[in-house]
Amino acid sequence: MALSKQEWLALEAKAHKLRLDLLETTHMAGSGHIGGGSSVLDILTIIYHKYMNIRIEDPKWEDRDRCIVSKGHAGIAYAPLLVDLGWNDPEQLKTFNLTGSKMGIHLDSNKVIGVDASTGSLGHGLSIGVGTALAARVLGKDYKTYVILGDGELDEGSNWEAAMSAAHFNTSSVITFVDRNGAMIDGPTESIMALEPLADKFTAFGFNTLRIDGHSFPQLAEAIETALAATDKPTCIICDTIKAVGFGSKAGDYRWHYGAMDDDGYEQAKKDLEAYYAGRKAKAEQEGN
Amino acid sequence: MAGGLTYTAVESTKLATTELYGQAMVELGEAHPEVVALTADLAGSTKIGDFMEKFPDRFFNVGIAEQNMFGIAAGMAKAGLVPFLSSFAQFASMRVADQLSTDLCYQNVNAKVIATHGGTSFGQAGSTHHAITDIALVRALPNLTVIVPADGYETVNAVKAAYATPGPFYIRINRGFDHVLYENTDYGFEIGKAVTLHEGTDITVIACGSCAYQALTAAQFLKNADGLAVRVLNMHTIKPLDKEAILKAVTETRRIITVEDHTVVGGLGGAVAEVLAEAGKGCAFTRLGIQDHFSTIGLHEDLMSLEGIDSNGIIEAVRATMGKDFEADDNWDDEV
C-alpha cells in the first residue's frame with residue numbers, strides 16, 4: 001500500500017480541516033463553489049501534502065513541482081489550502097470575493113502566492129501544464145507538473161489539443177487528474193454533453209489512463225505513484241468524485257455547483273462535515289496499516 | 001520549406017521580412033539559451049523554421065492547434081523560458097483571443113507573439129487568411145506591447161527589443177516581400193517612439209507596417225508635384241502609442257491622415273483618433289484603411305490599391321484633406 005495508516009489519517013484530518021475552511025470561506029463570502037470545491041479537495045490535499053516537492057520558505061523555488069488547477073472555480077477550496085500552507089495571510093480568506101480583495105472565485109497567480117497559473121476560462125490548464133513540462137526538459141530540470149481538470153471543462157476542444165500534444169511530446173512528467181464529479185452548471189455531464197467513455201478517450205489520445213475513487217486516499221496514492229513511475233506516456237487519473245461531498249444532502253446534487261447558505265445551513269453543514277469526517281476516519285483506522 | 005501557395009515574383013528591391021525575422025531569431029537563440037520557438041504547422045511559412053534547424057531541442061511544432069500553442073507558451077514563460085510563437089496574424093489574434101488575453105496578457109508572461117501575414121499581405125488566400133481586425137483586438141489587451149514593423153530591418157529591431165523587454169508582445173509582420181524602408185537596423189528604433197520618415201508642416205501622414213513605405217513615396221511625390229510638405233510618421237508601435245508625436249503633428253500641421261493595412265475601426269486610425277479627441281485640438285482628419293468590409297482575394301499590391309492605402313490612395317487623400325475645413329483660428333483655449 002502506497003500510504004501508511006498514519007499518513008492516511010493525517011490526510012483525512014487535513015482534508016477535513018480544509019473542507020471546514022471552504023465552508024467558513026463560503027459563509028463569509030456569502031456564496032461559493034461548494035460542489036466542485038469539495039469534490040476536488042482530496043486530490044488537492046494529497047498532492048500538496050504528500051507528493052509535491054515544494055519549499056514552504058520559498059514558494060517561487062524554480063525547481064518546485066507545479067500545480068495547475070485548470071478548473072479555476074475551485075478557488076474557494078484552493079485558497080484555504082494555500083493559506084494553510086503558510087503562503088498567504090489567513091486574513092485574506094475573510095475578504096474572499098470582496099471588492100479589492102486579492103482572492104476571489106478564480107485565483108490570480110500574480111496575487112495569490114502559490115498559484116502556478118491564473119485560470120478561470122476553462123480548457124487552458126493542460127496546455128499550460130504541457131508548457132511547464134517542456135520548459136523543464138529544455139532547462140534540464142526534473143520537476144513534475146500536476147494538472148487538475150474539471151470534467152465539464154473537457155467539452156472545450158482546447159483540452160484535446162493539449163492532450164494530443166502531451167502524448168506527442170511525451171510529457172510523462174505531467175500528471176493529469178480529472179475531477180469526475182459528473183455534473184456541470186446546467187446538469188449532469190451525461191445529459192448536457194456526454195463525456196463517456198472518458199477513459200477510452202484519454203487512452204486513445206495516448207495517455208496511461210487510470211480510473212479511481214477520487215475520495216479514497218489509498219487509491220489516489222497508488223495511482224499517483226503509478227503515474228510518477230511512468231516514463232513512456234503522460235498519465236491521466238480519472239477521479240470519480242461527488243459534487244459537494246461531505247455536505248449532507250447537498251452531496252451529489254448538481255445544483256450545488258455554486259450556492260449560498262444561511263446561518264442555519266452553515267450550522268447544518270458543519271455537523272454534516274463532522275459526520276462525514278468521522279466516517280472516513282473510522283474507515284482509515286479500520287483499513288489502514 | 002513548406003510554403004502553402006506559390007508566391008508571386010519577388011522584386012529584387014524587396015527583401016522578405018520573414019527571412020530577416022528568421023535570421024534574427026537564430027541570433028537570439030545563439031545568444032540566449034532560454035529562447036524557444038513554437039509554431040502551429042507554419043514553420044516554413046513563418047520562417048521560424050530557421051530556428052528549428054539550428055535548435056531542434058528548443059523548437060516545438062504543435063500542429064494546427066493555436067490555442068494549445070499559446071497555453072504551452074504561457075507555461076514555458078512561467079517556468080523561465082522566453083517563447084517566441086509564430087503563426088498567421090489572423091490565427092495569432094482572433095483564433096486565440098482568449099488564450100492571448102488570459103494566458104499571456106492577464107498573467108503578464110514573458111512571451112512574444114510573431115504574427116505573420118498581417119493585413120491583406122496573404123492576398124491570394126482571401127479573407128480567412130487576412131488579418132484586418134487584429135490590431136483592434138490586441139491593442140485593447142492590457143500589458144501587451146503591439147508593434148507593426150514597416151520592413152525587415154524594423155522587424156529585426158522589434159524582435160530584439162521584444163527580447164530585451166519583459167512582458168507579452170504582439171509583433172505583426174507581413175508574409176514578406178516588403179519594400180525596404182531602411183538601409184539597415186541603425187536608425188534609432190525605440191519602442192513607443194514614432195520615426196519621422198519625411199519632414200513636413202502642411203499635413204502629417206501617420207502610417208504603420210507596409211503602409212509606411214507607401215506614405216513616404218506619396219510624400220516624396222507630393223513635394224515635387226504639389227509643393228506640399230508632408231510629414232510622414234512611421235508609427236511602428238501601436239501600444240504604447242507615441243502620443244507626443246501625434247500632438248506635435250496636430251499642433252504643427254493641423255491635418256492628419258492615418259493609413260494602415262487593417263480596418264479603420266479600432267486600429268491605428270482609431271488609436272490616433274482617441275488621442276486627437278482627448279486633446280481637443282481641431283484638425284482635418286482622415287482614416288485610410290479597409291472601410292469596414294471584408295477584404296477580397298488578389299495580389300497584395302492590388303488590394304492595397306483597391307483599399308486606397310497605397311501611394312496613389314494616400315496622394316488622393318492628402319489632396320482631399322488639404323481642402324477640408326477645421327477650426328483654423330489660433331485660439332486653442334476654446335478647444336480644450
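The model is predicted: local features need pLDDT of at least 70, side-chain atom pairs count only at pLDDT 80 or more, and totals for chains, interfaces and linings use all residues. Residues are numbered from 1 along each chain as its sequence is written, chains are lettered from A in the order in which they are written, and side-chain values use heavy atoms, without hydrogens and water.

**The interface**
- Chain A brings 24 residues to the contact and chain B brings 25 residues (contact means heavy atoms within 4.5 Å).
- About 2,000 Å² is buried between chain A and chain B, and carbon and sulfur atoms give 58% of that (buried area is the accessible area, with a 1.4 Å probe, that two parts lose on being put together, summed over both).
- In chain A, the residues that lose the most area to chain B are A:His124, A:Val138 and A:Glu161, together 27% of what that side buries.
- Twelve residue pairs are in polar contact across the interface, both residues at pLDDT 80 or more (a pair of N or O atoms within 3.5 Å; within protein, one must be able to donate a hydrogen and the other to accept it, and residues adjacent in sequence count only if both atoms are side-chain atoms).
- Helix 5 of chain A gives the most to the side that touches chain B, with nine residues (helices are DSSP runs of H or I, at least four residues, and strands are runs of E, at least two, numbered from the N terminus).

**The sheet**
- Five strands of chain A form an open sheet in the order 1-2-3-7-6, with parallel pairing (two strands pair if DSSP finds at least two bridges between them).
- Strand 1 (66-69) and strand 6 (208-213) of chain A each have a single partner strand, so one side of each is left without a neighbour in the sheet.
- Four bridges join strand 1 to strand 2 (residues 145-150) of chain A.
- A:Cys67 stands opposite A:Tyr146 in strand 2 of chain A.
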